[in-house]
Amino acid sequence: MRIGIISDTHRFTAAIDRAIPFLQDCDLIVHAGDNIDDSEYIEAMTDIPVVAVKGNCDFYSDPGKDEDVFTAEDKKIFVCHGHRYGIKYTLVDLYERALDLGANIVIFGHSHVPCYENVKGIIFINPGSPSLPRGGSTKGLGILDIENGEINYERIKI
């Protein structure tokens, strides 16, 4: 299964449009918040299902989930924006939540800084932002491939 990962789009349609070509061959797209409404645009432009969660800038958006959990190729994936877990400082609280959920993979955003980390067997992915990168990072998104139990991740600069 090929999963496109995007976060922190912040209603910058031009940035989303630059990301769309890289998402076209995905089976699923995950939007990790800020702005959850952009997920509707992404789904309309790609005709690919989108799993989306709300971020700290989505206080006006309802309905919408703060967190979601789904399974892909026998891997349990936990999606949240990250702002409620202090991810700008540490992954400890997010790790604890992932343990509670039995997640193999955690997808989050909020910091606008890309991250791919394996912490005691749990993979943490933050694709950064296609519109407002921080921390010296570049604009981008992520592609997660899960096949026969193998997990491969690539960050795409746009």
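1. Contacts of Ile3. In this predicted model, Ile3 touches a set of residues beyond its neighbours within four places in sequence: Cys26, Leu28, Val30, Phe70, Ala72, Ile77, Gly142, Ile143, Leu144 and Ile146. Two of these partners, Phe70 and Ile77, are listed together with Ile3, Ile105 and Ile107 as the residues with the most contacts inside the largest nonpolar core.

2. Composition of the core. How many residues does the largest nonpolar core have? The count is 17. At least two residues of this core come from each of the strands β1 (2-6), β2 (28-31), β4 (67-72), β5 (75-80), β6 (105-107), β8 (122-126) and β9 (140-147).

3. Packing of the helices. Helix α1 spans residues 13-23 and helix α2 spans residues 38-46; their axes lie 10 Å apart and form an angle of about 45 degrees. Because of this angle, α1 is classed as oblique to α2. The crossing of α1 past α2 is right-handed. On the α1 side, the contact is formed by Thr13, Ile16, Asp17, Ile20 and Leu23, and on the α2 side by Asp38, Tyr41, Ile42, Met45 and Thr46. By residue class, this contact of α1 with α2 comprises six nonpolar, two polar and two charged residues.

4. The peptide bond at Asp34. Asp34 and Asn35 are joined by a cis peptide bond, with omega of about 10 degrees. The loop between β2 and α2 contains Asp34, and Asn35 lies in that loop between β2 and α2 as well. Asp34 also has a positive phi, about 60 degrees, although it is not a glycine. Is Asp34 buried or exposed? Its relative accessible area is 1%, so Asp34 is buried, the cut-off for that class being under 20%.

5. Positive phi at Glu73. A further residue that is not a glycine but has a positive phi is Glu73, with a value of about 50 degrees. Glu73 belongs to the loop between β4 and β5. Its relative accessibility is 41%, and Glu73 therefore counts as partly exposed.

6. Surroundings of Asn56. Asn56 sits in the loop between β3 and β4 and is partly exposed, at 33% relative accessibility. Which residues does Asn56 contact, leaving aside its neighbours within four places in sequence? They are Asp34, His81, His83 and His110. Asn56 and Asp8 are 48 residues apart along the chain, and their C-alpha atoms are separated by 10 Å.

7. Lys65 is located in the loop between β3 (50-52) and β4. Leaving aside its neighbours within four places in sequence, Lys65 is in contact with Ala52, Val53 and Lys54. Between Lys65 and Pro21 there is a separation of 44 residues in sequence and of 26 Å in space, taken from C-alpha to C-alpha.

Terms used
Residues are numbered from 1 along each chain as its sequence is written. This is a predicted model: local features need pLDDT of at least 70, side-chain atom pairs count only at pLDDT 80 or more; totals for chains, interfaces and linings use all residues. Side-chain values use heavy atoms; hydrogens and water are left out. Axes are lines fitted to C-alpha atoms, for helices over the stretch in contact, and angles run from 0 to 180 degrees between N-to-C directions. Helices (H or I, at least four residues) and strands (E, at least two) are DSSP runs, numbered from the N terminus. Angles under 35 degrees count as roughly parallel, over 145 as roughly antiparallel, 65 to 115 as roughly perpendicular and the rest as oblique. A crossing is left-handed if the near helix is turned anticlockwise from the far one by less than a right angle, and right-handed if clockwise. Contact means heavy atoms within 4.5 Å. Ala, Val, Leu, Ile, Met, Phe, Trp, Tyr, Cys and Pro count as nonpolar, Asp, Glu, Lys and Arg as charged, and the others, Gly among them, as polar. A nonpolar core is a set of buried Ala, Val, Leu, Ile, Met, Phe, Trp, Tyr and Cys residues joined through side-chain atoms within 4.5 Å. Buried means under 20% relative accessible area, exposed over 50%, partly exposed in between (1.4 Å probe, protein chains only).
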